[in-house]
Amino acid sequence: MTEVFLPLAILFTSLCIAPVILMLPERAVALRTAINLGAAALKLFLVVWLTIGVVNGATFQVGLTMLPGLDFVLYVDALSVLFLALSALLWLLTTIYAIGYLEVGQNCSRFFGFFSLCVAATVGIAMSGNLFTFLIFFEVLTLATYPLVVHRGTADALRAGRIYLAYTLGGGLALTVGVVWLHTLAGPFLFTPQGVLGELPVTHAGTLQIIFVLLIMGVGVKAALIPLHAWLPISMVAPAPVSALLHAVAVVKAGAFGIMRIVYDVYGVDATQALGLATPLAAAAAATIIYGSVRALTQDDLKSRLAFSTVSQVSYIALGVALISPIAATGGLVHLIHQGIMKITLFLCAGNFTEGHGVKKISQMNGMGKLMPLSMLFFTIAAFGMIGLPPLAGFVSKWYLGAGGLDAGQAWVIAILLGSSLLNAAYFLPIVYRGWFLPPQAATATPVRRIGWMLLLPPAATALLIVLAGVFANAPFSPLGWTQFIVSLEYQ
């Protein structure tokens, strides 16, 4: 009973409330808030329940045959749990923040309806048991996110939405072609540790290489691999909760998670390496890491700088996967969690700066430590984590990636990580310096809006997690501990 109930319940807690919220009148603020918070809290509880089951060896799978040889499958394994836990926790925190952020906004029912649908698609991606199911939820995520990107309805927002759709639907087309082609070649299959291709890499090497490129292009759009990244900085015209959702909870994480599934549970690490696919993927990730960091340096708009930082940081995940080393894989997978909690902290604080004092640009950040000390403190913790200072979460990721590069005989990875960390410092430390050491500017000294507890609690919680994930990284059920368990399955 539980093995079927839990995956469906986790999916439906956000899927079923989406149409309900969409139909609510704007004035039903209390009811909408109760539904949002209740569903988010329930989902987190169910994910914890499911995680306990996975630890104890339970199997969770739900299937439906749609056509002969074409099955819709929800399946939960250790890798699913990693993404589910991140999504459920950050959905609750982002919901709290969004309720406080949009308290004076318009079209809130539309916003929260599509917000819930977006999270439903994300958990569906996490629990997909095969590429066909993954493709369905991947495309639903594209369509559900579009109304959030264009929420403000301005000319810039509508332009960003068109660009977002052009990139993501194009990526979806490439992914669809790859999924169909692989299905005709390998037949129906479930995601399986060490891959499912059998002897196909020997007999169909060239075809599998082309399919791999199509699949990685498809998920690489959402993962913001260059040159498929341009939609992400432009989408920063969206409200702060949407930016947090795009960068930390849903879209870019779905892309990174797709890279993991393709390399680990479709092709397998041995076939990926034997077909010569690992090195090009690692090179693309390394180039994206440096490119995103260099572009971040030139941005005065705070959210744009954070967006290019995401372009860089998410590729740490792809790099860890592509190095074909269990140590590097540990660093890449754990960065899925670490980057999520660090980046959501940064975007939520950026939203607070804008809401509290109208600050949108880095050149306006002078004295924010005096004007908004808590938000500036949380921002600083996340920025230091991104740079990789110990004992914060980002240091753990970079340590394992560097050690994994050496383990794989790829010493150049150390140069990439050092260069990236120096660039991280170059674009984050001036913000921290302005915030804490320069006097406030007259234009931003007067408060625009009071920042209440709903806008402070979420970044406070995620900032605390940044510290705890680093200090207690060696604990059995830390993100690092769970990631090591996943890697042990993929590299048996």
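Modeller: A crossing is left-handed if the near helix is turned anticlockwise from the far one by less than a right angle, and right-handed if clockwise. Keep in mind that this is a predicted model.

Colleague: Which hand does the crossing of α6 and α9 have?

Modeller: It is left-handed. Helix α6 (residues 131-149) and helix α9 (residues 205-222) pack at an angle of about 35 degrees. Their axes are 12 Å apart.

Colleague: Which residues of α6 and α9 make the contact?

Modeller: From α6 come Leu131, Phe134, Phe138, Leu141 and Thr142. From α9 come Leu215, Gly218, Val219 and Lys222.

Colleague: How does that contact divide by class?

Modeller: Six residues are nonpolar, two are polar and one is charged. Gly counts as polar and Lys as charged.

Colleague: Why is Leu215 called buried?

Modeller: Buried means under 20% relative accessible area. Leu215 has 0%, so it is buried. This residue lies in helix α9. Beyond its neighbours within four places in sequence, Leu215 is in contact with Leu131, Leu175, Gly178, Val179, Leu182, Ile262 and Tyr267. Leu215 and Val177 are 38 residues apart in sequence, yet 8.2 Å apart in space, C-alpha to C-alpha.

Colleague: What makes Ser116 count as buried?

Modeller: The cut-off is under 20%. Ser116 is at 0% relative accessibility, so it counts as buried. Ser116 lies in helix α5 (residues 108-127). Leaving out residues up to four places away in sequence, Ser116 touches Ser14, Ile17, Ala18, Ile21, Asn36 and Trp91.

Colleague: And Asn366, why is that residue called buried?

Modeller: Its relative accessible area is 10%. The limit is 20%, and buried means under that. Therefore Asn366 is buried. Asn366 is found in the loop between α16 (326-357) and α17 (368-371).

Colleague: What makes the pair Asn366 and Arg434 a polar contact?

Modeller: A polar contact needs N or O atoms within 3.5 Å, with one able to donate a hydrogen and the other to accept it. The side chains of Asn366 and Arg434 make such a contact at 2.6 Å. Asn366 also touches Leu438, Pro439, Pro440 and Gln441.

Colleague: How do you know that β1 and β2 pair?

Modeller: Pairing takes at least two bridges. Seven bridges join β1 (residues 60-67) to β2 (residues 70-76), so they pair. The strands run antiparallel. The bridge partner of Leu64 in β2 is Phe72.

Colleague: What lies between β1 and β2 in the hairpin?

Modeller: Two residues. Gly69 in the turn has a positive phi of about 80 degrees.

How values were computed:
Residues numbered from 1 in each chain as written. Predicted model: local features only at pLDDT ≥ 70, side-chain atom pairs only at ≥ 80, totals over all residues. Heavy atoms only, no water. Helix = DSSP H or I, 4+ residues; strand = E, 2+ residues; numbered from the N terminus. Buried < 20%, exposed > 50% of the residue type's maximum accessible area, 1.4 Å probe, protein only. Contact = heavy atoms within 4.5 Å. Axes fitted to C-alpha atoms, helices over the stretch in contact; angles between N-to-C directions.
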